[in-house]
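Please open the model in your viewer and keep the selection tool at hand.

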Amino acid sequence: MKRLFKLGLIINPYSGIGGALALKGSDGADIRQQALIGGAEKLSGKRMAIALQALLPLKNELCIYTASGEMGEDILASMGFNHVVVYQHQAQQTESADTKAAALELIAQSVDLILFAGGDGTARNICEVVENHCPVVGVPAGCKIHSGVYAITPKAAGKVAAQVIQGELVSLMSGEVKDIDETEFRAGRVIAKHYGEMLVPEELSYIQAVKMGGRESDELVLSDIAAHVIELMDDEPDTLFIMGSGSTVDSIMQEIGLPNTLLGIDLVQGQQLLANDLTAASLLGQCANKPVKIVLTLIGGQGHILGRGNQQLSPELIKMVSKQNILVVATKSKLQSLQGRPLVSDSGDTALDEMLVGPIPVITGFHDLVLYSVGSV
């Protein structure tokens, strides 16, 4: 049976409520109460409904995890989507704490994508919790939208989500989360502040990206992929990097200037080689209770990322590291050779293979990532 796509959904019911009444925002219970007394209409649910229209033809392919009532449950039930409520809000007026708590529950459910409706304050709350755990798509519903994590319209947000659900190749970008001080804004001063970044799928398909970028030069692309991984090593000097087998990983080791076991597993920290050609047992022992990332590539034409030439990466190790810390590296031409077939995990542990199913970021260049699905074996 095909695995259902796990979509997380959060609506900030009060987002944008102060806009029509010129209240310049909706932060704070007093502002929301003032807006309601003034007859303001809550529109974020309706804007989410517009986005969800694009997902109606896919309703049998996904399960949506959400919060109770106006935070998601009501609109999903009215539109007939298969959904599970994983967070119950208590107060009549939801607060930022509810948004963050709901986001935490979605991460705990290992959702593949989070679709949320709100404004910059909502994005800021979600960013505090989600960071880079999974991609997000924002449905614009706030008075102020300065953050780069929102689609240009609710309809566009639904279109991007549909592309991800259907397994189309979409690029991943880093979207900035910004918010302004509403008190200063009401006094006529715009003071915006950077609060972080989240991964956002772009509306650009792989075919369009190739047409824009032209034919790939493998040598240049491999150098760009290496530069991306090396930057991660520099940014995380305490993290151990397990370098999997294969020519793409070998190119990274060559770029650093380290000896590499082409058909084995090496361990690197801070661009320094710790050990060559490790066994499964030695990897577990050296990586226990330490921050770890695993750099993998795929077998061209087949798509295997685990279980072919890297059995030293035991199920126990993969579970300890978690999917979030697996870095898949590949050129776009290598992904294209799969002709749409999903990546494959054949680790020997069925539960682990199922845990890895779903979209995973693939590093295809320097700060260039695409989402590609791991399929069910």
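**First stop: a pair of strands**

Begin by selecting strand E4, residues 113–118, together with E5; the two run parallel and are joined by 5 bridges. To see one of these pairings, select Ile 114 and look across to E5, where its bridge partner is Val 136. Please bear in mind throughout that this is a predicted model.

**The sheet around the pair**

Now widen the selection to the open sheet of 5 strands, whose order is E3-E2-E1-E4-E5 and whose pairing is parallel. Which strands stand at the edges? They are E3 (83–87) and E5 (136–140); each has a single partner strand, so one side of each is left without a neighbour in the sheet. From one strand to the next, the twist averages 25°.

Next, select helix H4, residues 96–108. H4 packs with H5 at an angle of about 40°, and the two axes are 9 Å apart. H4 is therefore oblique to H5. The crossing in which H4 passes H5 is right-handed. To display the contact, select these residues:

- from H4: Ser 96, Thr 99, Lys 100, Ala 103, Leu 104 and Ile 107;
- from H5: Thr 122, Asn 125, Ile 126, Glu 128, Val 129 and Val 130.

Colouring the contact of H4 with H5 by class gives 6 nonpolar, 4 polar and 2 charged residues.

**Helices H2 and H6**

Move to helix H2 (residues 44–53) and helix H6 (residues 154–165), which pack at an angle of about 40° with their axes 7 Å apart. At this angle H2 is oblique to H6. H2 and H6 cross in the right-handed sense. Which residues of H2 meet H6? Select Arg 47, Ile 50 and Ala 51; on the H6 side they meet Pro 154, Lys 155, Ala 157 and Gly 158. By class, this contact of H2 with H6 comprises 4 nonpolar, 1 polar and 2 charged residues.

**Helices H9 and H10**

Select helix H9, residues 218–235, and helix H10, residues 247–256; their axes are 9 Å apart and the packing angle is about 65°. This makes H9 roughly perpendicular to H10. The crossing of H9 and H10 is right-handed. In H9, display Leu 222, Ser 223, Ile 225, Ala 226, Val 229, Ile 230 and Met 233, which meet Thr 248, Ser 251, Ile 252, Glu 255 and Ile 256 in H10. The contact of H9 with H10 has 8 nonpolar, 3 polar and 1 charged residues.

**A hairpin**

Select strand E9 (residues 266–269) and strand E10 (residues 272–275), which pair in the antiparallel sense over 3 bridges. Leu 267 has Ala 275 of E10 as its bridge partner. E9 and E10 form a hairpin with 2 residues between them, and Gly 270 in the turn has a positive phi of about 55°.

**Last stop: confidence**

Finally, colour the chain by pLDDT. The mean for the protein chain is 86, and 84% of its residues reach 70 or more. Over residues 18–24, however, pLDDT is below 50, and this stretch has 18 contacts in the model beyond near neighbours in sequence. Residues 204–215 also stay under 50; for them the model has 13 contacts beyond four places in sequence. Where pLDDT is low, the predicted coordinates should not be read in detail.

Technical notes
Residues are numbered from 1 along each chain as its sequence is written. This is a predicted model: local features need pLDDT of at least 70, side-chain atom pairs count only at pLDDT 80 or more; totals for chains, interfaces and linings use all residues. Side-chain values use heavy atoms; hydrogens and water are left out. pLDDT is the predictor's confidence in each residue, from 0 to 100. Contact means heavy atoms within 4.5 Å. Two strands pair if DSSP finds at least two bridges between them. Helices (H or I, at least four residues) and strands (E, at least two) are DSSP runs, numbered from the N terminus. Axes are lines fitted to C-alpha atoms, for helices over the stretch in contact, and angles run from 0 to 180 degrees between N-to-C directions. Angles under 35 degrees count as roughly parallel, over 145 as roughly antiparallel, 65 to 115 as roughly perpendicular and the rest as oblique. A crossing is left-handed if the near helix is turned anticlockwise from the far one by less than a right angle, and right-handed if clockwise. Ala, Val, Leu, Ile, Met, Phe, Trp, Tyr, Cys and Pro count as nonpolar, Asp, Glu, Lys and Arg as charged, and the others, Gly among them, as polar.
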